[in-house]
Amino acid sequence: MSTLEGRHLFKQFPGTLALDDVCVSFESGKVHALVGKNGSGKSTLLKIFSGAQPPTKGEILLDGKPLGFSGANDAINQGVATVYQELSLIPILSVTENILINRLPRKRGLIDWKAAHRQVKELLDHLGIDVSPSALVGDLSMWQMQMVEIAKAMSRGPKVLLLDEITSSLAKHEAELVFDLVRSLKEEGVVILYISHKLDELWKIADTCTVLRDGKTVGCVNIGDTTQKELVSMMFGAITIPKRPDDLMVSDEVVLQVKGLSRADKFQDVSFQLHKGEVLGIAGMLGSGRTELLKSIFGADPFDSGTVVFGGRELTSANLIRMKNLGMALTPENRKSEGLVLQAPISENLCYASYDNLSRNGFMDGRKQKKYIDRQVEGLQIKVASTSYPVEELSGGNQQKVVVGNWLNTQPSVIVFDEPSRGIDVQAKQQIFRIIWEQSRKGVSSIMVSTELEELLEVCQRILIMRGGKIKGEIKPDQISNEELYALCMGGDKL
Amino acid sequence: MNKSGTKSVTAFLGRYMLEIILVLLFIIMSFSSPAFLKPANLLNILRNVSMTGIIAFGMSFVIIAGEIDLSVGSTVALSGVITALTAGKLSASGGMPMESAVILGMVFALLASILIGIFNGFLLTKFKMPSFIITLGMMNLLYGLSAVISGGFPVTTLPSWYSWMGAGNLFGVVPVPAVFLLITFVIVFVVLKYTKFGRSVYAVGGNAESARLSGINVTLIKIGAMTIVQFCCAISGIMLSSQVMSGTFTFGKGWEMTAISAVIIGGASLSGGKGRAWGTFLGILFLGIMSNAMTLNGVDEYVQYIVQGALIIGAVLINSLLDRKGKL
């Protein structure tokens, strides 16, 4: 039997204390779940155990012996293997090559393929994984890849196995198969740590559950002795949702209507209305289809059936440029890869969406362009010495403001904000929220999506619940608590 | 204070590196070779760089958009062959005198180049094929096509006035191709800097997905860039056939390397989003002056290849070093 221990772990990041005197202990033969909301410190704790980051203070011990890692590879050599949600497998190589990468057996200097396949076959048989060693990983389905990933970790004979959100991209029945495998690993005498944001899974897979909040351990319970409701309240504690200003007016006028919109494998039969000046939230976990829905409404991605009624037109196909001209805007989920041209100047990044308005007969109107740039830099308080600097030199919050400014310059009537607060600090978040409210006062409607559901409660006047590609309900923020909203999005029927 | 002073000197050197090198090269050459500074020689340099230079300006759009065109040399050959063949065939059949038939030939050559550009751009945007592969294929395809339609021989059915475009001089001094080069420079400078199309080319090359999500028509911009460079090739090809008074399928071989080199030396990046018309112009002059300098100093032709190759690698090395410094 082995035990993995963390003693008085601290982790200091600039501005935040991610781990604050965390003491934990996990023994082998059980699956230990680790839960907490975003920013609770669970990812940091995992990174310290996996050797990806050292703690600022404190130590980790395996069977009473202190562990010191000089990197993730070193961790594997010392018996700690990690399986991440983003698969680390190489699709164009075979299962054997992926599992034995860097360690393929050799005979007279050349790779001994026979021995390699045999070795992997034995491992897969032992773990009860029904996959051919010579199959290409790229040909496998998602859950099979996840199993191969686990087999790869197990092939190093680890004492500790860290599983990070391994079911996040799997369907329910596929996840069950992976659970079977994980349960069987308990017999191997391995300490298994399981991280997930899908709370309902825990009763199927975990034996104990450790809850982190604001960098501290809130408690450790036997999963059989607790309920989802209890866990959620441990995760969140008593939080107060800041009030949104009460001078925001919603008129009865409908500006956008989505009717029965569907896209295969992404979202089905989505219908809702958006009123003038309204701030509508869409709450859903990762993979619920929310981003895909927004992109299809905006015309950036196609849809299969249904219609979007906007700007006096009933649209049956996706066309981004048409939507833009009708007055819709979208600030994308990932500002670096979808919202900005990083090496281009701030000034250009503020104008991309309005090139049509800024040019006459194909020639750019320099004076008008300057007016557009100044308007946003002042209005959004973008902190910058010169707008000729590349936008990549700005902080995350200011970059996000540039993305918003690019679209405000088109003077839209509906703005879709996909994760507007991702990766920016608290103050910048509040500034972004104020921008959304300011637009609402001007009669501009917004749709907002955020993983941080408490933000939706703070910012929006009405929230749609999205789960598994479908709209599952509609709530008003003052009728529901943060925990209840999380439970609704995670599909917790147990509340 | 001192530190920021050094910093601004480094920044200045980085920004005007090419200008400084060109001036140094000029000074060294005027001392080492008396023939260099003679007006006739300088005009000669301009004439020599004009045809590849015009293509380099077209190539600037393609490279800034994050693409590449390797087929430019073959279009140069094809344009000359089409022009000469049309002139020859039409006048032989008695349809019209060769003097005017050659104009029709030039129109055909220009139209052909536009179609080739649209075709390249179509494959690129519709099927998401890499432009490297498409134009690698087109390079061979068009070369073969020129050889087949010309029967493998130079086509020399051209009227005597035609030589003016490649070999003539404006006001008796300025080579006509150099005039075309300067006109192209001005147009490309204005288009890249002051038009919606030009700005969109930078956006698409910088981050095509961001550009698309901002409502920029990425497909149109890419097809446009691929077509412009081909059009430039046809202009060059016509001038080359005029200079030699023949349309020959082996013309333009290897020109893609000169054109791409000029753009890269001018500070553009093959990953797109970066590059300037002025930079390309300096790149063109730099290559031309280097080659002229080596010829004047009696450097062996094959050694010139070695130097040119080393220069390209050196230019890219300096650019990536400057880039890395900027990041730190």
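## Chain A

In this predicted model, chain A folds into 18 helices and 24 strands. Its radius of gyration is 25 Å, close to the 23 Å that the globule rule gives for 495 residues, so chain A is as compact as a globular protein of that length.

Inside chain A, buried residues account for 45% of the 495. Taking contacts between residues at least 6 apart in sequence, 69% of those in chain A join residues at least 24 apart.

## Chain B

Chain B is built from 14 helices and two strands. Here the radius of gyration is 21 Å, close to the 20 Å from the globule rule for 328 residues, so chain B too is as compact as a globular protein of its length. The C-alpha trace of chain B spans about 80 × 55 × 35 Å along its principal axes.

Of the 328 residues in chain B, 47% are buried. Among contacts in chain B with a separation of 6 or more, 78% link residues 24 or more positions apart.

## Two helices of chain B that cross

Let's look at one helix pair. Helix α4 (residues 72-92) of chain B and helix α5 (residues 98-126) of chain B have axes that come within 7 Å and cross at roughly 145°. The crossing of α4(B) past α5(B) is right-handed. On the α4(B) side, the contact residues include B:Leu78, B:Ile82, B:Thr86 and B:Leu90; from α5(B), B:Val102, B:Leu104, B:Phe108 and B:Ile116 are among them. Sorted by class, this contact holds 14 nonpolar and seven polar residues, with no charged ones.

As for α5(B) itself, its 29 residues reach 41 Å from first C-alpha to last, close to the 42 Å expected at 1.5 Å a residue. After α5(B) comes B:Lys128, which has a positive phi near 55°.

## Where the chains meet

Now for the contact between the chains: 20 residues of chain B touch 23 residues of chain A. On the chain B side, α9 (196-206) and α10 (208-213) each supply at least two residues. The largest share of that side comes from α9(B), with seven residues.

Technical notes
Residues numbered from 1 in each chain as written. Chains lettered and ligands numbered in written order. Predicted model: local features only at pLDDT ≥ 70, side-chain atom pairs only at ≥ 80, totals over all residues. Axes fitted to C-alpha atoms, helices over the stretch in contact; angles between N-to-C directions. Helix = DSSP H or I, 4+ residues; strand = E, 2+ residues; numbered from the N terminus. Left-handed = near helix turned anticlockwise from the far one by under 90°. Contact = placed C-beta atoms within 7 Å. Nonpolar A, V, L, I, M, F, W, Y, C, P; charged D, E, K, R; others polar. Rg over C-alpha atoms; globule rule 2.2 N^0.38 Å. Buried ≥ 20, exposed ≤ 12 C-beta atoms within 10 Å, placed from the backbone. Expected span 1.5 Å × (residues − 1).
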